[in-house]
Amino acid sequence: MKPSHEFKKFCLVILMGTLIISLWGCSTCFVKNQNQPASYPIDSNVQTTAERMIAFPYTQTPKPPVDRLSRVSEYDNYGYGAWTFGAPLPVESRNDSAPSGIMPAGYAVPALPPKAKLLNFFTISDIHITDKEAPNQLIYLQQLNPTYAGQNTSIYSPIMMYTTHVLDAAIQTANALHRGKAFDFGISLGDTCNSTQYNELRWYIDVIDGKVITPSSGAHLGADTIDYQKPFKAAGLDKTIPFYQALGNH
């Protein structure tokens, strides 16, 4: 017995409906995945200054005029940004006495028992999480009046665009070192936010907590096209590391 015409239509409708639902589900998953904020994992090769340091070649060049600090493309002309990996920082016992040392004159090193580790901890300081779009940042005030802050060039740095990203990288570094040799705790020594604004403090806490960061304010211009404006997912500090915050300016 051949299937009826109505039965064929019924089967076709069921097939089309199933196909549409499947495609809609895949499309939804695709859009959802597309909307997931990116994360920025650091290099897996994590080393301390006891293993290598960054070396900066010294060049005697004039400083850029204050009103040209934001012209990052010209920094090479002043010798900024050049670096290489260098030798490690030697670990030394400071038992030297005055006048050039840190111990009082006549200091004698006492006989000590074998060394024992008391604590293993990390510190961070001068994070300066910056809302670069806030008009109260000193760099904007200095542009309006070049004599402001005594021609101080240190109030501006191109890294202001990426302060949340740099903190995220530092937290990932602490996590990596913790996996190799566990920290007893971590502590931040102050100067956490650049302008003590609520959103700067919120970004700082949220990076440590591993939340999604929207590193822009105002109209969030460029949030889809400019890398330092795009939301991202912070890694967050390893929950097994106790963390403390000191108040004040480093």
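Guide: Gladly! This is a predicted model. Let us begin with the word "pocket": an open set of grid points where a 1.4 Å probe fits, with protein on both sides within 12 Å along at least five of seven lines. The largest pocket holds about 500 Å³ of space. Its lining has 14 residues, and those closest to its centre are Phe56, Gly81, Trp83, Ile159 and Val166.

Visitor: How do you know that a residue such as Phe56 lines the largest pocket?

Guide: A lining residue has an atom within 4 Å of a point of the pocket. Phe56 is counted among the lining residues, so it has such an atom.

Visitor: What makes 11 residues of this lining nonpolar?

Guide: Their residue types do. Phe, Trp, Ile and Val are among the types that count as nonpolar, whereas Gly counts as polar. The rest of the lining of the largest pocket is two polar residues and one charged.

Visitor: Which domains supply the lining of the largest pocket?

Guide: Domain 1 (43-109) and domain 2 (117-249) each give at least three residues.

Visitor: What about the second largest pocket?

Guide: That one has about 430 Å³ of space. Of its 16 lining residues, Gln47, Thr48, Phe122, Thr173 and Leu177 are the closest to its centre. Strand S3 (121-124) and helix H3 (163-180) each supply at least two lining residues.

Visitor: Why are 24% of the residues called buried?

Guide: Buried means under 20% relative accessible area. Of the chain's 250 residues, 24% count as buried, so that share falls under the cut-off.

Definitions and conventions
Residues are numbered from 1 along each chain as its sequence is written. This is a predicted model: local features need pLDDT of at least 70, side-chain atom pairs count only at pLDDT 80 or more; totals for chains, interfaces and linings use all residues. Side-chain values use heavy atoms; hydrogens and water are left out. On a 1 Å grid over the protein atoms alone, a cavity is a set of points where a 1.4 Å probe fits but cannot get out, and a pocket is an open set with protein on both sides within 12 Å along at least five of seven lines; lining residues have an atom within 4 Å of a point. Grid points are joined across faces, edges and corners, and a volume is the space filled by probe spheres set on the points. Domain bounds come from an automatic or database domain assignment. Helices (H or I, at least four residues) and strands (E, at least two) are DSSP runs, numbered from the N terminus. Buried means under 20% relative accessible area, exposed over 50%, partly exposed in between (1.4 Å probe, protein chains only).
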